[in-house]
Amino acid sequence: MNRKLLWGVNSVILVLLLISFSISYRYLNPGETLMLNCSSELFDRHKGDSGKGRHYLLVDVIAKGKQAQFNYRYFNLDGSPAGNIRMKGKLLNYDSEAQKYSFSVKTKEESEVDDDQKQPEHMQYLSYVSSFNLDNKGMHNLSIETLDLDEQKDYAIVLFQPSNTVCGCRLVH
């Protein structure tokens, strides 16, 4: 009887060890990693050709496993910083057919440049929408949809929503 009991206990311990190793492996080696370095020129049509409504946007996206981070950096035409928005959240879904990533942002940090220039319109909009959603719902949903992809050249054109921004991106491996 003792041998059967010992065999049962050893079997249970072995199964628990296998389960814990598989869970640990998933957390230590998460699935696919998405890393994008994106850029876009922003133009405020209400400010005309004066140059005051033109800015550059650089967006860095890092998603590893379920964790995601976005860094929106805004620059004036002369290359001087115009502001920054950093967001952290998690990957909700990846639709491989539509090539669309859906994220839920939980935290946001903003930094502005202390000078006479007003924030870029895009930054104002993104700040407003994300703050509104974070304050009311506790999260801000955003998505990235691939419009064109060339993996051989490590290049993609993507659409960020809800900001409705199209960017050219470099794929980072």
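**View A. Cys38 and Cys169 are both buried.** In this predicted model, local features need pLDDT of at least 70 and side-chain atom pairs count only at pLDDT 80 or more, whereas totals for chains, interfaces and linings use all residues. Residues are numbered from 1 along each chain as its sequence is written, and side-chain values use heavy atoms, with hydrogens and water left out. A residue is called buried under 20% relative accessible area, exposed over 50% and partly exposed in between (1.4 Å probe, protein chains only). Cys38 and Cys169 form a disulfide with their sulfur atoms 2.0 Å apart, the term being used for a pair of cysteine sulfur atoms within 2.5 Å. The link is right-handed, with 105 degrees about the S-S bond. Because Cys38 lies in strand 1 and Cys169 in strand 8, the pair ties together parts that are 131 residues apart in sequence. By this rule, the count comes to one disulfide. The sulfur of Cys167 has its closest cysteine sulfur in Cys38, at 5.4 Å, which is too far for a bond. Cys167 is likewise buried, at a relative accessible area of 2%.

**View B. The protein chain contains two helices and eight strands.** Helices (H or I, at least four residues) and strands (E, at least two) are DSSP runs numbered from the N terminus. Along the sequence, their pattern is α-β-β-β-β-β-α-β-β-β. Of the 173 residues in the protein chain, 32% are buried. Contact means heavy atoms within 4.5 Å. Among contacts with a separation of 6 or more, 43% involve residues 24 or more positions apart. The chain exposes about 11600 Å², of which carbon and sulfur atoms supply 53%; accessible areas come from the Shrake-Rupley method with a 1.4 Å probe, and for residues only the protein chains shown count as cover.

**View C. The largest nonpolar core has 29 residues.** Such a core is a set of buried Ala, Val, Leu, Ile, Met, Phe, Trp, Tyr and Cys residues joined through side-chain atoms within 4.5 Å. The residues with the most contacts inside this core are Phe70, Tyr72, Tyr74, Phe103, Leu142 and Phe160. Setting aside residues up to four places away in sequence, Phe70 touches Asp60, Val61, Ile85, Arg86, Met87, Phe103, Val105, Leu142 and Ile144. In soluble globular proteins, nonpolar side chains tend to be buried together.

**View D. The structure holds five aromatic pairs.** Rings of Phe, Tyr and Trp (its six-membered ring) pair if their centres lie within 6.5 Å; planes under 30 degrees apart count as stacked, over 60 as edge-to-face and the rest as tilted. One of the pairs, Phe70 with Phe103, is edge-to-face, at 5.0 Å centre to centre and 85 degrees between the planes. This pair links distant parts of the chain, 33 residues apart: Phe70 belongs to strand 3 (residues 67-76) and Phe103 to strand 5 (residues 100-111). Phe70 and Phe103 are both buried. Tyr101 and Phe103 form a stacked pair, 6.2 Å centre to centre with 15 degrees between the planes. Tyr101 is buried, having a relative accessible area of 10%, and Phe103 is buried at 1%. Phe70, Tyr94, Tyr101 and Phe103 make up one aromatic cluster.

**View E. Asn71 is found in strand 3.** Asn71 is buried, at a relative accessible area of 16%. Apart from neighbours within four places in sequence, its contacts are Leu58, Val59, Asp60, Asn84, Ile85 and Arg86.

**View F. Met35 lies in strand 1 (residues 33-43).** Met35 is partly exposed, with a relative accessible area of 29%. Residues up to four places away in sequence excluded, Met35 touches Val61, Ile62, Arg170, Leu171 and Val172.

**View G. A cis peptide bond joins Gln161 and Pro162.** Its omega is about 15 degrees. Pro162 occupies the loop between strand 7 (155-161) and strand 8 (165-171). Asn164, placed in the loop between strand 7 and strand 8, has a positive phi of about 55 degrees although it is not a glycine. Asn164 is exposed, with a relative accessible area of 55%.

**View H. Gln99 has a positive phi of about 50 degrees although it is not a glycine.** Gln99 sits in the loop between strand 4 (81-95) and strand 5. With a relative accessible area of 29%, Gln99 is partly exposed.
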